[in-house]
Amino acid sequence: QLQLVESGGGLVQPGGSLRLSCAASGFTLDYYAIGWFRQAPGKEREGVSCTSSSGGITKYADSVKGRFTISRDNTKNTVSLQMNSLKPEDTADYYCAATKLSGLALYSFCMYPSTYDYWGQGTQVTVSS
């Protein structure tokens, strides 16, 4: 059974940091691009960051550029999202997702939820004082 599991969410003060992890079971992430998405209450799910299977392609939403960093460790079958300088508007449920899309198509569409085939259950991030 293919499964993605997110971890690392929690409550943090503005300006703080969290590191989210996405672990795969039942399959290897080596051949999958991974995206991180978030969804705040009453809002649509939005792309936060994505990375190709090799890590050669990475993209970030403008709202998180310079603050968030996506990285992958294929030896551990995990992808992480380091989130620094967190703001209250970063509060949301965060999800990781996997797709086999690659190349130019991935670069064009990796920030769209419909691109992905497998999803985790999400981890909650709350930024509040």
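Two strands pair if DSSP finds at least two bridges between them. Ile70 has such a bridge partner in E8, namely Leu81. Helices (H or I, at least four residues) and strands (E, at least two) are DSSP runs, numbered from the N terminus. The model is predicted: local features need pLDDT of at least 70, side-chain atom pairs count only at pLDDT 80 or more, and totals for chains, interfaces and linings use all residues. Residues are numbered from 1 along each chain as its sequence is written, and side-chain values use heavy atoms, with hydrogens and water left out.

**The four-stranded sheet**

- An open sheet is built from four strands, in the order E1-E3-E8-E7. Their pairing is antiparallel.
- Strand E1 (3-7) and strand E7 (68-73) are the edges. Each of them pairs on one side only.
- From one strand to the next, the twist averages 15 degrees. Axes here are lines fitted to C-alpha atoms, for helices over the stretch in contact, and angles run from 0 to 180 degrees between N-to-C directions.

- Six bridges join E7 to strand E8 (residues 78-83) in the antiparallel sense.
- Ser71 stands opposite Ser80 in E8.
- Four residues lie between the two strands of this hairpin. In the turn, Asn77 has a positive phi of about 60 degrees.
- In a regular strand the side chains alternate between the two faces of the sheet. On E7, the covered face holds Phe68, Ile70 and Arg72. The uncovered face holds Thr69, Ser71 and Asp73.

**The nonpolar core**

- A nonpolar core is a set of buried Ala, Val, Leu, Ile, Met, Phe, Trp, Tyr and Cys residues joined through side-chain atoms within 4.5 Å. Buried means under 20% relative accessible area, exposed over 50%, and partly exposed in between (1.4 Å probe, protein chains only).
- The largest such core has 34 residues. Those with the most contacts inside it are Leu4, Leu29, Trp36, Phe68, Leu81, Met83 and Tyr94.
- At least two core residues come from each of strand E3 (18-25), E4, strand E5 (46-51), E7, E8, E9 and strand E11 (123-127).
- E9 supplies the largest share, five residues.

**Salt bridges**

- Side chains of opposite charge can pair when their charged atoms come close. A salt bridge is a side-chain nitrogen of Lys or Arg within 4 Å of a carboxyl oxygen of Asp or Glu.
- The whole structure has four salt bridges.
- Arg38 and Asp90 form one of them, at 2.9 Å from N to O. Arg38 sits in strand E4 (residues 33-39), and Asp90 in the loop between E8 and strand E9 (92-99). The two are 52 residues apart. Both Arg38 and Asp90 are buried.
- Asp90 also forms a salt bridge with Arg67, with the closest N and O atoms 2.8 Å apart. Arg67 lies in the loop between strand E6 (58-60) and E7, 23 residues from Asp90. Arg67 is buried too, like Asp90.
- A network of salt bridges links Arg38, Glu46, Arg67 and Asp90.
- Asp62 and Lys65 meet through their side chains in a salt bridge of 3.1 Å, N to O. Asp62 is exposed, because its relative accessible area is 65%.

**Disulfides**

- A disulfide is a covalent bond between the sulfur atoms of two cysteines. The cut-off used is a pair of cysteine sulfur atoms within 2.5 Å.
- There are two disulfides in the structure.
- Cys22 is joined to Cys96, S to S 2.1 Å. The link is right-handed, with 70 degrees about the S-S bond. Cys22 lies in strand E3 and Cys96 in strand E9, so the pair ties together parts that are 74 residues apart in sequence.
- Cys22 is buried, with a relative accessible area of 0%. Cys96 is buried, also with 0%.
- Cys50 and Cys110 form a disulfide with their sulfur atoms 1.9 Å apart. Cys50 is in strand E5, and Cys110 is in the loop between helix H1 (103-109) and strand E10 (118-119). This pair is 60 residues apart.
- Cys50 counts as buried, because its relative accessibility is 1%. Cys110 is buried, with a relative accessible area of 1%.
- With the bonded cysteines of the protein chain numbered in sequence order, the pairing is 1-3, 2-4.
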